[in-house]
Amino acid sequence: MTRTLSFQAVVQPRRTRLSDAIAEQIEGMIARGELRPGFSLPSERDLSKQLDVSRPSLREALLILESRGLLQARRGGGYDVTDVTGPIITDPLVHLLQRHPSTADDILELRHGLECIAAQFAALRATDADIRKLGSLVASMRKRKGEFDPFEDADRDADFHMSVAEASHNLALVHVTRGLFNLMRINMLRSREALYHQQDNVALLDEQHAEIVKAIAARDPVGARKAANLHLCFVQASLREVTEKPSGKAAVRSKRRPATQKEGAGDSDGVAGDVP
């Protein structure tokens, strides 16, 4: 994976080794999300020219970063940025949750907290490139061909919400969201399989995603948070309607009392909770 980025010339510090100063610049770019997992650094020759440093000093800096687990040497030479935000939910746990549909509400509650905050900060910090990417993802979801495919749509859905988190430019939030990515994808697949019994739901989901992007592009953090909250409340309420038993009683889930709108779910400052 290659991208064009501008590295700044490194000035020889007085009390620090040049290799440490080089490593600090590259590490900072990783922390800010400018160098993302999988990014391939330029060759030593090209990178040393961009940084205006000697190749031995650059090589030492790269070895320092490799020892910190931030870079990985690739076959044939060169370095790639490692994925420091590895999964925090293991696959066995994902499969366990997948086999127990009663956990869908638990996952949606977690998504409420993360995604409302992500949308809020994305409205404050998203770059023009971030907004273009989000708009492109929404457009791709609307350009379906043939019958609805919940698997394909779930992948696009997960990519969209991951991109909102990345647009927040909060490294900790990106780390947690990416760590939960597989879990989120399974939850989105379950949601879409349940909601696709009514064709109108598909258009509503697309419109809700578009409203999130609209608020982010308008630099409206309150509106972005409200749009994300509305989207997840709709999904949660729709799933409950679909999974109700013939007797009218809701499907069995955890015995702990669910959150309610009165607890702050409906306002712009609270974390969204369950919808009656």
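Predicted model: local features only at pLDDT ≥ 70, side-chain atom pairs only at ≥ 80, totals over all residues.

Biologist: What share of the contacts joins residues at least 24 apart in sequence?

Modeller: Among contacts between residues at least 6 apart, the share is 73%.

Biologist: Which residues touch the most other members of the largest nonpolar core?

Modeller: A core is read through its members and the elements that supply them. The largest one has 35 residues, and A119, L134, F160, V164, I212, I216 and A224 touch the most other members. Helix 5 (104-125), helix 6 (128-142), helix 7 (150-167), helix 8 (171-179), helix 9 (181-195), helix 10 and helix 11 each supply at least two residues of this core. Apart from it lies another core of 24 residues, among them M29, L35, L51 and V81.

Biologist: What does A119 touch, leaving aside residues up to four places away in sequence?

Modeller: The partners of A119 are V164, I212, I216, A224, R225 and A228.

Biologist: How many cavities of 30 Å³ or more are there?

Modeller: The count comes to four. The largest cavity holds about 70 Å³ of space. Its lining comprises 13 residues, and E115, A118, H161, V164 and A165 lie nearest its centre. Helix 5, helix 7 and helix 8 each give two or more residues to that lining. By class, the lining has ten nonpolar, two polar and one charged residues.

Biologist: Which value of phi does D52 have, and where is this residue placed?

Modeller: For such a residue one reads the backbone angle, then the location and the exposure. D52 is not a glycine, yet its phi is positive, at about 60°. D52 is in the loop between helix 2 (44-51) and helix 3 (55-67). With a relative accessible area of 59%, D52 is exposed.

Biologist: Where is R219 placed?

Modeller: R219 is in the loop between helix 10 (199-217) and helix 11 (221-243). Phi of R219 is also positive, near 60°, in a residue other than glycine. R219 is partly exposed, its relative accessible area being 36%.

Notes: Residues numbered from 1 in each chain as written. Heavy atoms only, no water. Contact = heavy atoms within 4.5 Å. Helix = DSSP H or I, 4+ residues; strand = E, 2+ residues; numbered from the N terminus. Buried < 20%, exposed > 50% of the residue type's maximum accessible area, 1.4 Å probe, protein only. Core = buried A, V, L, I, M, F, W, Y, C linked by side-chain atoms within 4.5 Å. 1 Å grid on protein atoms, 1.4 Å probe; cavity = no way out; pocket = protein on both sides within 12 Å on 5 of 7 lines; lining within 4 Å. Points joined across faces, edges and corners; volume = space filled by probe spheres on them. Nonpolar A, V, L, I, M, F, W, Y, C, P; charged D, E, K, R; others polar.
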